[in-house]
Amino acid sequence: MSSEFLPGPGGIGSHAFHVASALRKRGRNITVCTISDYASEDEEKAFDMRCAFKVFRFKRLGNFLFTWLHRIKVIHNYCIKNQITHVFSSGRFPIWTIPFLKVKGIPNVIAILHGSEVGRGFWSKLLFFCLNRADYIITVSKF
């Protein structure tokens, strides 16, 4: 899961693409679940067709809470249906899903922390609560 993805801009999306590509080259079955805010639907479809792995793009709903709850339901159903054993969570929203993934029995949840996820006050506490439930944490820089 990634909070952004190509063909849109952003380091998190570029990083997620390269991680997924490298894992696919090593024979892993990969699906990237993401949102893409800065590309048209046609650009997304053209890009996704060139990928060596499946890309599932979330849509935004009316408000933040409905969007978040819907994504958790979609992620849970996808993981159960496809017997997913490893999830990489990259970016703020995907990291916030970690406690739900663990409660639902996903055995290996890896958080990828870029630094932009770290907030203040409540958001910082939420981030560390979620990170404490991850099986592994990978930081991509000292930021």
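**Figure 1. Lining of the largest pocket.** H1, S1, H3 and strand S3 (86-90) each contribute at least two residues to the lining of the largest pocket. Helices (H or I, at least four residues) and strands (E, at least two) are DSSP runs, numbered from the N terminus. The model is predicted: local features need pLDDT of at least 70 and side-chain atom pairs count only at pLDDT 80 or more, whereas totals for chains, interfaces and linings use all residues. Residues are numbered from 1 along each chain as its sequence is written, and side-chain values use heavy atoms, with hydrogens and water left out. The largest pocket has a volume of about 650 Å³. Of its 26 lining residues, Asn29, Ile30, Thr31, His86 and Phe88 are the closest to the centre. H1 supplies the largest share of this lining, five residues. By class, the lining of the largest pocket comprises 15 nonpolar, nine polar and two charged residues. Here Ala, Val, Leu, Ile, Met, Phe, Trp, Tyr, Cys and Pro count as nonpolar, Asp, Glu, Lys and Arg as charged, and the others, Gly among them, as polar. On a 1 Å grid over the protein atoms alone, a pocket is an open set of points with protein on both sides within 12 Å along at least five of seven lines, a cavity is a set where a 1.4 Å probe fits but cannot get out, and lining residues have an atom within 4 Å of a point. Grid points are joined across faces, edges and corners, and a volume is the space filled by probe spheres set on the points.

Figure 2. S1, H3 and H4 each supply at least two residues of the lining of the second largest pocket, which by class has 10 nonpolar, five polar and five charged residues. The charged end of Arg71 sits over the ring of Phe93, 4.9 Å from the ring centre. A charge sits over a ring if NZ of Lys or CZ of Arg is within 6 Å of the ring centre and within 35 degrees of the ring normal. In another such arrangement, the charged end of Arg133 lies over the ring of Phe129, 3.6 Å from its centre.

**Figure 3. The largest cavity.** One cavity of 30 Å³ or more is counted, and the largest cavity has a volume of about 40 Å³. Its lining consists of Ile72, Ile75, His76, Thr97, Phe100, Leu101 and Lys104. H3 and H5 each supply at least two residues of this lining, and H3 gives the most, with three residues. The lining of the largest cavity divides into four nonpolar residues, two polar and one charged.

**Figure 4. Aromatic pairs.** The structure holds 10 aromatic pairs. Rings of Phe, Tyr and Trp (its six-membered ring) pair if their centres lie within 6.5 Å; planes under 30 degrees apart count as stacked, over 60 as edge-to-face and the rest as tilted. The ring centres of Phe5 and Phe53 are 6.4 Å apart and their planes stand at 70°, so this pair is edge-to-face. The pair links distant parts of the chain, with Phe5 in the segment before helix H1 (11-25) and Phe53 in the loop between helix H2 (41-50) and strand S2 (54-57), 48 residues apart. Both Phe5 and Phe53 are buried; buried means under 20% relative accessible area, exposed over 50%, and partly exposed in between (1.4 Å probe, protein chains only). Phe64 and Trp96 form another edge-to-face pair, at 6.1 Å centre to centre and 85° between the planes. This pair also links distant parts of the chain: Phe64 belongs to helix H3 (residues 64-81) and Trp96 to helix H4 (residues 92-96), 32 residues apart. Trp96 is buried, at 9% relative accessibility. Phe5, Phe17, Phe47 and Phe53 form one aromatic cluster.

**Figure 5. Salt bridges.** The structure holds four salt bridges, each a side-chain nitrogen of Lys or Arg within 4 Å of a carboxyl oxygen of Asp or Glu. Among them, Arg60 pairs with Asp37, the closest N and O atoms being 2.5 Å apart. Arg60 lies in the loop between S2 and H3 and Asp37 in the loop between strand S1 (31-34) and H2, 23 residues apart. Asp37 is partly exposed, with a relative accessible area of 40%. Glu41 and Lys45 meet in a salt bridge at 3.2 Å, N to O; being four residues apart in helix H2, Glu41 and Lys45 are separated by about one helical turn.
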